[in-house]
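Hello,

Here is the structure I said I would pass on. My notes on it follow below.

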Amino acid sequence: MEYLENLNEYTQNLEMVYNNLRSFRHDYINIMASLSAYIDEKKYDELETFFYEHIFPMQKNLTQKNSELNNLLHIHILELKSILYTKLLLAVNQDIEVNIDIPDEIDSVHMDPVDMTRMFGIYLDNAIEACLETNHPVVNLHLGKMNQDIVFIISNTFIDKGLSVAQMHKKGVTTKGDGHGVGLCNVSEILNRYDNIYHETLIKDGLFIQQIQIS
């Protein structure tokens, strides 16, 4: 059921990308028409202003989004790459600033793939939801090697609502209303089954941070 839910979410994200491409195609045609009008009228000063104020920022934004998601190519574990791509694509499409740092090739993690998928699904869902409440939504992902261990760090901007880290991991404790407050508790139960995983949740410099080290 979780696999089907992830596949459905992935499909929805692909549809969102397709719709964005259709929108961009429409914008592209309009932009080309605007450029040709400036050229036909030989209004080169106005053309320069139009280019640097409207076209260049668009190109820069698209390049940044693509380059960040391209960092996931360093991951060679299908389940891990799929869940990260699905969730981070969702974040990008909601205009969240996504920063991905994966300096190493990741080809194995000593954790059950279903548990790993559930863990990252919950962490990234929470990160996306929390950062969208802020004026500058940001989600950061670091994935790398430290000696023989794999280290994951997920951080996001958030609004501090007065809950301690310990309270956040208790079942039913939430600031979201009825029906919430289960996710972090579920992740804690998963991680507690592993002797080779060290996990820490902390708040630092205005960021909510999840650190996982797997040996």
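Tyr28, Ile29 and Met32 make up a nonpolar patch on the surface, and together they have about 280 Å² of accessible area. Please keep in mind that this is a predicted model. Tyr28 sits in helix H1, which covers residues 2–40. Its relative accessible area is 44%, so Tyr28 counts as partly exposed.

Next, the overall layout. The protein has six helices and five strands, and along the sequence they follow the pattern α-α-α-β-α-β-β-α-α-β-β. Of its 215 residues, 34% are buried. The accessible surface of the protein comes to about 13,000 Å², and carbon and sulfur atoms account for 53% of that. Among contacts with a separation of 6 or more, 67% are between residues 24 or more positions apart.

Two backbone angles deserve a look. Lys42 is not a glycine, yet its phi is positive, near 55 degrees. Lys42 belongs to the loop between H1 and helix H2 (44–70), and it counts as exposed because its relative accessibility is 58%. Asp95, also a residue other than glycine, has a positive phi near 60 degrees. Asp95 is in the loop between helix H3 (78–92) and strand S1 (97–101). With 60% relative accessibility, Asp95 is exposed as well.

The largest nonpolar core contains 42 residues. Leu80, Leu84, Leu88, Val109, Met111, Phe120 and Phe152 have the most contacts inside it. At least two residues of this core come from each of H3, S1, H4, strand S2 (138–146), S3, helix H6 (183–191) and S5. H4 gives the most, with nine residues. As for Leu84, if neighbours within four places in sequence are set aside, it is in contact with Leu72, Ile75, Leu89, Phe120, Leu124 and Leu141. There is also a second, separate core of five residues, including Ile31, Leu35, Leu47 and Phe50.

How many aromatic pairs are there? The count comes to two. In one of them, the ring centres of Phe120 and Phe152 are 4.7 Å apart and the ring planes are at 65 degrees, so this pair is edge-to-face. It links distant parts of the chain: Phe120 is in helix H4 (residues 113–131) and Phe152 is in strand S3 (residues 149–157), 32 residues apart. Phe120 has 0% relative accessibility and is therefore buried. The value for Phe152 is also 0%, so Phe152 is buried too.

The other pair is Phe158 with Phe208, where the centres are 5.8 Å apart and the planes are at 65 degrees, so it is edge-to-face. Phe158 lies in the loop between S3 and helix H5 (165–168), while Phe208 lies in strand S5 (residues 207–214), so the pair ties together parts that are 50 residues apart in sequence. Phe158 and Phe208 are both buried.

If you open the model, Phe120 is one place to start: it pairs with Phe152, it is among the residues with the most contacts inside the largest core, and it is in contact with Leu84.

Regards

Key. Residues numbered from 1 in each chain as written. Predicted model: local features only at pLDDT ≥ 70, side-chain atom pairs only at ≥ 80, totals over all residues. Heavy atoms only, no water. Patch = residues over 30% accessible without salt bridge, like charges linked within 9 Å, V, L, I, M, F, W, Y side chains within 5 Å. Areas by Shrake-Rupley, 256 points an atom, 1.4 Å probe, with all protein chains shown as cover. Salt bridge = Lys/Arg side-chain N within 4 Å of Asp/Glu carboxyl O. Helix = DSSP H or I, 4+ residues; strand = E, 2+ residues; numbered from the N terminus. Buried < 20%, exposed > 50% of the residue type's maximum accessible area, 1.4 Å probe, protein only. Phe/Tyr/Trp six-rings, centres within 6.5 Å; stacked < 30°, edge-to-face > 60°. Core = buried A, V, L, I, M, F, W, Y, C linked by side-chain atoms within 4.5 Å. Contact = heavy atoms within 4.5 Å.
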